[in-house]
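Colleague: I'd like to learn how to read this model feature by feature. Could you take me through it?

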Amino acid sequence: MPAPAPASTEAHAQAEALHDLVLRSLDDDQAVEVVSIPLSGKSNIADYMVVASGRSSRQVSSMAQKLSERIKQELGRNVRVEGLPVADWVLIDADDVIVHLFRPEVRSFYNLERMWAFEESARPAAAQG
């Protein structure tokens, strides 16, 4: 019976590739205050949660649409997107990575980073290395 490690390693590599693509896309689109929260081993909803802000609803909407398109183009994955019509808070569920894009006022109101931070594991994406 083959060991399950190779599939796990492959799944981990796919999650990391998706995470890297998300961070690159948000950087390209000039997202503000990008924070990546590792969830692996802490929650089974995803491996990472990424929280970022846009300066306006228009920028949040544009970042969400471009990110969805890039994930589809580069990784062949479909994502689920909620909140696009208003674009105060857009949720992009890409399975291994969940992305929350906010206007700054809405982000500070909900304060997801504090809710999901596990023992200071949430850190700015630039510090991910």
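Colleague: Let's begin with charge pairs. Which residue does Asp95 meet in a salt bridge?

Modeller: The general idea is that side chains of opposite charge can pair when their charged atoms come close. Bear in mind that this is a predicted model. Here, the side chain of Asp95 meets that of Arg80 in a salt bridge, 2.8 Å from N to O. The pair links distant parts of the chain, with Asp95 in the loop between strand 4 and strand 5 and Arg80 in strand 3, 15 residues apart. Asp95 counts as partly exposed, at 42% relative accessibility.

Colleague: And which strands hold Asp93 and Arg80?

Modeller: Asp93 sits in strand 4 and Arg80 in strand 3 (residues 80-82), 13 residues apart. Their side chains also form a salt bridge, at 3.1 Å from N to O.

Colleague: How many salt bridges does a search of the whole structure find?

Modeller: It finds nine. One of them joins Asp29 to Arg70, with the closest N and O atoms 3.2 Å apart. Asp29 is in the loop between helix 1 and strand 1 (32-38) while Arg70 is in helix 2, so this pair ties together parts 41 residues apart in sequence. Shared partners also join Asp29, Lys66 and Arg70 into one salt-bridge network.

Colleague: Is Asp29 buried or exposed?

Modeller: Asp29 counts as buried, at 12% relative accessibility.

Colleague: Now the nonpolar side. Which residues have the most contacts inside the largest nonpolar core?

Modeller: In soluble globular proteins, nonpolar side chains tend to be buried together. In this model, the largest nonpolar core has 23 residues, and those with the most contacts inside it include Val22, Leu26, Ile71 and Val99. Among the elements giving two or more residues to this core are helix 1 (5-28), helix 2 (57-75) and strand 5 (97-102). There is also a second, separate core of 10 residues, including Ile37 and Ile98.

Colleague: What is Val22 in contact with, leaving aside its neighbours within four places in sequence?

Modeller: Val50, Leu67, Ile71, Val97 and Val99.

Colleague: What does Ala64 touch, not counting residues up to four places away?

Modeller: Ala64 touches Leu84, Val90, Ile92 and Leu101. Ala64 lies in helix 2 and is buried, with a relative accessible area of 0%.

Technical notes: Residues numbered from 1 in each chain as written. Predicted model: local features only at pLDDT ≥ 70, side-chain atom pairs only at ≥ 80, totals over all residues. Heavy atoms only, no water. Core = buried A, V, L, I, M, F, W, Y, C linked by side-chain atoms within 4.5 Å. Buried < 20%, exposed > 50% of the residue type's maximum accessible area, 1.4 Å probe, protein only. Helix = DSSP H or I, 4+ residues; strand = E, 2+ residues; numbered from the N terminus. Contact = heavy atoms within 4.5 Å. Salt bridge = Lys/Arg side-chain N within 4 Å of Asp/Glu carboxyl O.
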